[in-house]
Amino acid sequence: MSDYLTIEREKLNLPKSLYLEITNRCNLRCRGCIQYRGMWEPERNMSLQEIVMITDQVPELERAVLHGIGEPLLNKELPAIIRHLKDRNVIVNFNSNGVLLNEEWQQILIETGLDELHISLDAASADGYTAVRGIDKFDLIISNLTSFSESLKRKQVSNPRLSLWFLGSRGNMSELPAFVRLAAKVGVKEVYLQRLVYFLDGERYGLARPDETLNSTDPAALRLIRESQAIADRLGLRFSASGLREPVLSIQGEPTSLSPWKRCSRPFSLMYVTANGNVLPCCISPFSTTDYDYIVLGNVFESSLADVWFGDKYQLFRKQHQTTLPPKCCRGCGGHWSL
Ligand SMILES: C[S@@+](CC[C@H](N)C(=O)[O-])C[C@H]1O[C@@H](n2cnc3c(N)ncnc32)[C@H](O)[C@@H]1O
Ligand code: SF4
Ligand code: SF4
């Protein structure tokens, strides 16, 4: 394991991975999301010009994730943004709620060369969907997904690689096995389980609360994950968790390790830029602490990306992250510490 504390300023390279929040507007208000609670920042879209300005400063950029807290399909410049990044040979993906993913968008996303599209669905039934995502759009999304995977097959193209995402909570876990079967039915070959994150240091809202999150003391959750894994194996699907962990491990934590967050490499390897240009250490931090000022490490509309990345605030964050008393966002982000 590398000790990040030994990474001195001059040995730290610019990030090869960027999260670019191309919009913080959304057409939904899901009950686990900051959109439901009330956003940290004013509404805004990021423009193609701004994306070019930011990414030009990262010559070795390898991967761009085009979502933050908002729905990427609401940004009309999305196709041009993807094309720009693909012209630079960058791997591009994003999460979407899939509501707007009609045949026109499907065609555009194929043509742009988008690498991966992750659809956040969280349920295997219309009622389950409404309980988490607050609106009855389940049948529409299933129809969008079915036509998209049929179209990919017909055109014999493999990109974008489609996957279905399930934000697991106590309330919806019983739908996980059916969710895996549903993925197979609509022709999607990858399923991911995400762990619900909530503020460890403050208010509770919607589903973002400790009694809703999954952990290893819940035998029912473990049983459902194992059952889902067996179904995925039988149907030939990939079943994984966020951070590419095995789903069971993702809720089990590491009680033997005193400071497990130290193994998180995000503050050293990626940067998250919000629609307003603010830089955060990762996409989990705005969900895991109410101390937003602390996690804003600079602004790329006001300073160069390198000045932010190598700046004092970022360095202090990295140093604290490598201690037994890390920033609040890191203490909260892993639950029993599982990320
Ligand atoms: C904020 S959304 C933005 C992209 C898009 N609007 C969507 O829903 O996929 C990105 C991801 O965050 C997840 N998410 C929302 N609330 C969360 C929470 N409290 N803990 C962990 N993940 C959460 C969503 O399920 C989604 O997969
Ligand atoms: S999870 Fe995605 S779709 Fe739902 S409110 Fe948040 S940003 Fe919007
Ligand atoms: S909040 Fe979590 S994911 Fe983000 S830097 Fe801290 S430990 Fe890593």
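This is a predicted model: local features need pLDDT of at least 70, side-chain atom pairs count only at pLDDT 80 or more; totals for chains, interfaces and linings use all residues.
Local features need pLDDT of at least 70 and side-chain atom pairs count only at pLDDT 80 or more, whereas totals for chains, interfaces and linings use all residues. Residues are numbered from 1 along each chain as its sequence is written, and chains are lettered from A and ligands numbered from 1 in the order in which they are written.

**Ligand 1**

Select ligand 1 and the 18 residues that surround it (C-beta atom, placed from the backbone, within 6 Å). G32, H67, N95, S120 and V197 are the closest. Next, colour strands β3 (91–96) and β5 (161–168), each of which supplies at least two residues of this shell; strands are DSSP runs of E with at least two residues, and helices are runs of H or I with at least four, numbered from the N terminus. The shell comprises 10 nonpolar, 7 polar and 1 charged residues, with Ala, Val, Leu, Ile, Met, Phe, Trp, Tyr, Cys and Pro counted as nonpolar, Asp, Glu, Lys and Arg as charged, and the others, Gly among them, as polar.

**Helices α7 and α8**

Now select residues 176–185 (α7) and 219–235 (α8). Show L176, P177, V180, R181 and A184 of α7, which meet L224, I225, E227, S228, I231, A232 and L235 of α8 (C-beta atoms, placed from the backbone, within 7 Å). By class, this contact has 9 nonpolar, 1 polar and 2 charged residues.

How values were computed:
Axes are lines fitted to C-alpha atoms, for helices over the stretch in contact, and angles run from 0 to 180 degrees between N-to-C directions. Two residues are in contact if their C-beta atoms, placed from the backbone, lie within 7 Å.
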